[in-house]
Amino acid sequence: MSEEETGIIHFKNVTKKFGSLVALGDVSFDIKKGEFLFITGPSGAGKTTILKLILGEVVPDSGEVIIDGAKVANLNSKDLPKYRQKIGTIFQDFKVLPERTIAENVAVALAVIGLPQVEWNSRVEHVLKLAGLNRATNLFPSQLSGGELQRVSLARALSVNPKILLADEPTGNLDWETSDKLMELFEKINKEGKTIVMATHNLEIVKKYKKRIINIIGGKLTK
Amino acid sequence: MNIHLKTAWDYIRRSPFQALAASFVLTLTFFVMTLVSVLVYSSSKLITYFETRPQVIAFLKSDATDTNIADLQHKLAADIHIKDIKYVSKEEALSIYKKATSDNPLLGQLVSPSIFPASLEFSVTDLSFAQSIIDNVKGESVVDSVGFTAALGGETSLNDVVTRLKTITTYVRIGGIVFVGLLAITSLVVLLVITSMRVVGRREEVEILNLIGATKGFIRSPIIIEAFFYTLFGVILGWAISFIAVLYLAPTAVSYFGEIPILPRDALGIFELFGVVFAIEIFVGAVLALSGSLIAISRVKKAR
């Protein structure tokens, strides 16, 4: 079986510009199923743009982004939500719903994928326990710390049992100890077979968890 | 509770004054709409009453035989524009006269049945046929003369009354429709404003839901449900207040109009009338809620 066949994410000569700014210039790489990959580089290098391209939040100006056999740019407004439901995303700024409790934040994701309501409680309980938030289920986001909010974002992403997990600077707002705990959780999830793409500029984390690295500077791949 | 219902209910709870503003405007709209509907119904009944009450009296010649009268009666009965034919004999005519002059018994004692002609009274189904029917009846050999009901003063005045009623009813209908239309537009604008505020306030939530794969329907549902809450509240409250007001005023109105059935006389008929109005208002409310919320949502910039 070729690398092309086992891969789940393919970037082929992808260029993305925002106005005159070239965020990504002719970038190509593949990510295999079940792989844990770090995307490193300084701020503004294009790491988040790669994640946005995978999520279909933006489309490339040229080249192709193929995820699990689907050309993301060709997905129409009906197919795009279904596609996104297969991807779990942990956002740098958490993106939790401020007026909903932690449990409700996770339950919303389950409602989005259309899981029957009777199954929500057990699934929410399971992922919140996994993320170490089982005592915070009825709290609101404003009552939690940055690290806890990051774990809420992770719990929501995991709740839908995604094929691919995208993490955008998940340790950016966390101290070393909390970051390390979160990374251990990512390792555990990766061992269950999930593909993880993590954008980070935390080199200590990258060094400790020896995974494949894509380094990007000024929109160009350097390794 | 369904997640969309819960979300919609949470929005309402978090901004009660917006919710009150929308609900009260819609209540006013449906209150007026119910009253206008009842007014239209009553005015239609009023016109129908005047158009179909016994209007034509064919006074028969004194030598008309029973066979002649029966023949004419059958002929009139065969005409689809004529209904409620009634034969009034000389004796019955005297009795009617005596009853009409009961406050002055002397008048009744001075007359005998022989001076009153027998007559055939009937109604026309539509006043526009009256003139041709009268002309035909006048040509009958047993008919001496033809006239309209004396109570309304004759053919010209009856026509005047009905024409005036029709004019008033038309004004009531047009005025009512215009007023209800203006209120409906105001309600729609209020719904649009409140829903737009809601959509703008939810921008971050919409973005998050988009990114985790929510469909357009999923994102729109709570906003549409919220608009439905407001209209449902407005319909029920507006309709109920009008219903109570009409029930309260009905005895006075009914006694004022006497035998004219401006409102159904039985409870079932009243419920039937208000049931139909309620069903129509629910439909109008649904259209308002759906159009208001969808227009507001469509105004928000679309993201991929």
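**Exercise 1.** Which strands of chain A does helix H2 (residues 47-55) lie across, and at about what angle does it run to S1(A)?

*Solution.* Keep in mind that this is a predicted model. Start with the sheet itself: four strands of chain A form an open sheet, ordered S2-S1-S4-S5, with antiparallel pairing. Next, place the helix: H2(A) lies across S1 (7-18), S2 and S4 of chain A. Finally, read off the direction: H2(A) runs at about 115° to S1(A).

**Exercise 2.** Find the edge strands of this sheet, then work out how S5(A) is joined to S4(A).

*Solution.* An edge strand pairs on one side only, and here that describes S2 (21-32) and S5 (70-71) of chain A. Now turn to the S5 end. Strand S4 (residues 62-67) of chain A and S5(A) run antiparallel and are joined by two bridges.

**Exercise 3.** Decide how helices H6 and H7 of chain A are oriented to each other, and describe their contact.

*Solution.* First, the geometry: H6 (residues 146-159) and H7 (residues 176-191) of chain A pack at an angle of about 10°, and their axes are 11 Å apart. Angles under 35 degrees count as roughly parallel, so H6(A) is roughly parallel to H7(A). Second, the residues: H6(A) contributes A:Gly147, A:Gln150, A:Arg151, A:Leu154 and A:Leu158, which meet A:Thr178, A:Leu182, A:Leu185 and A:Ile189 of H7(A). Third, sort them by class: the contact has five nonpolar, three polar and one charged residues.

**Exercise 4.** Explore the largest nonpolar core, and follow one of its members, A:Leu166, to its contacts.

*Solution.* Helix H4 (residues 102-113) of chain A supplies the largest share, eight residues. Now zoom in on A:Leu166. Setting aside neighbours within four places in sequence, A:Leu166 contacts A:Leu51, A:Ile54, A:Leu55, A:Ile87, A:Thr89, A:Ile90 and A:Val197.

**Exercise 5.** Describe the side of chain A that touches chain B.

*Solution.* Begin with the count: 15 residues of chain A are in contact with 12 residues of chain B. Then look for the elements giving two or more residues on the chain A side: these are H3 (79-84) and H4 of chain A. H4(A) gives the largest share, four residues. By class, the chain A side divides into seven nonpolar, three polar and five charged residues.

Technical notes:
Residues are numbered from 1 along each chain as its sequence is written. Chains are lettered from A and ligands numbered from 1 in the order in which they are written. This is a predicted model: local features need pLDDT of at least 70, side-chain atom pairs count only at pLDDT 80 or more; totals for chains, interfaces and linings use all residues. Axes are lines fitted to C-alpha atoms, for helices over the stretch in contact, and angles run from 0 to 180 degrees between N-to-C directions. Angles under 35 degrees count as roughly parallel, over 145 as roughly antiparallel, 65 to 115 as roughly perpendicular and the rest as oblique. Two residues are in contact if their C-beta atoms, placed from the backbone, lie within 7 Å. Ala, Val, Leu, Ile, Met, Phe, Trp, Tyr, Cys and Pro count as nonpolar, Asp, Glu, Lys and Arg as charged, and the others, Gly among them, as polar. A nonpolar core is a set of buried Ala, Val, Leu, Ile, Met, Phe, Trp, Tyr and Cys residues joined through C-beta atoms within 7 Å. A residue is buried if 20 or more other C-beta atoms lie within 10 Å of its own, exposed if 12 or fewer, and partly exposed in between; C-beta atoms are placed from the backbone. Two strands pair if DSSP finds at least two bridges between them.
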